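Subject: Structure handover

Hi,

My notes on it follow below.

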Amino acid sequence: MITLRRSLVEAVAAASVGEHVRLEAVAGQLRCVGGDGTLVVVVGTAGEADAQTTLPTAVLSKVLRGLTADDIDVILQPHSCVITSPQTRTEIVAAG
């Protein structure tokens with residue numbers, strides 16, 4: 001799912017209550033859900049099937065803030081999330 005890095009950084013910050021956030025790809029949207037159920041929707045373009053992954057908030061935030069590209073590709077897998085920009089590819093292992 002291609003999305004704006006800045007939008008995802010803001011969504012993670014808004015939804016970050018607790019140590020984990022859940023990223024969900026649903027109907028072409030990337031959703032960020034906080035520990036208290038806070039839902040933030042980040043619009044993206046995707047052809048991938050619906051998926052979800054729970055990630056450590058601190059690690060996800062650090063990775064996103066370290067990227068310099070505006071457009072990033074977020075691929076959700078059952079036990080990880082792969083974030084790719086033109087310069088880097090980072091895999092974050094799911095929480096739990």
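A search of the whole structure turns up one salt bridge. Keep in mind that this is a predicted model. The partners are Glu24 and Arg22, and their closest N and O atoms sit 2.7 Å apart. How do the two ends differ in accessibility? Glu24 has 11% relative accessibility, so this residue counts as buried. Arg22 has 29%, so this one counts as partly exposed. The cut-off for buried is under 20%.

Next, the helices.

Helix α1 spans residues 5–15. Its buried residues are Arg5, Leu8, Val9, Ala11, Val12 and Ala15. They lie on the same side of α1, because they cover an arc of only 165° around the axis.

Helix α2 covers residues 57–66. Which of its residues are buried? Thr57, Leu60, Ser61, Val63 and Leu64 are. Their arc around the axis is only 165°, so they too share one side of the helix, here α2. Ala58, Lys62, Arg65 and Gly66 are exposed on the other side of α2.

What do the buried residues of α2 pack against? Their contacts take in helix α1 and a set of strands: β2 (20–26), β5 (51–56), β6, β7 and β8 (89–93).

Now strand β6, which runs over residues 71–77. One face is covered and the other is uncovered. Ile72, Val74 and Leu76 make up the covered face. Asp71, Asp73, Ile75 and Gln77 make up the uncovered one. Why the every-other-residue pattern? In a regular strand the side chains alternate between the two faces of the sheet.

β6 pairs with two strands that I want to point out.

- Strand β1 (residues 2–4) pairs with β6 in the antiparallel sense, over three bridges. Ile2 has Asp73 of β6 as its bridge partner.
- Strand β7 (residues 80–84) also runs antiparallel to β6, joined by five bridges. Leu76 has Cys81 of β7 as its bridge partner. A hairpin of two residues connects β6 to β7.

Leu76 belongs to the covered face and is bridged to Cys81 in β7. Asp73 belongs to the uncovered face and is bridged to Ile2. Both β6 and β7 are among the elements that the buried residues of α2 pack against.

Best wishes

Notes. Residues numbered from 1 in each chain as written. Predicted model: local features only at pLDDT ≥ 70, side-chain atom pairs only at ≥ 80, totals over all residues. Heavy atoms only, no water. Buried < 20%, exposed > 50% of the residue type's maximum accessible area, 1.4 Å probe, protein only. Helix = DSSP H or I, 4+ residues; strand = E, 2+ residues; numbered from the N terminus. Pairing = 2+ DSSP bridges. Salt bridge = Lys/Arg side-chain N within 4 Å of Asp/Glu carboxyl O. Arc of directions from axis to C-beta. Contact = heavy atoms within 4.5 Å.
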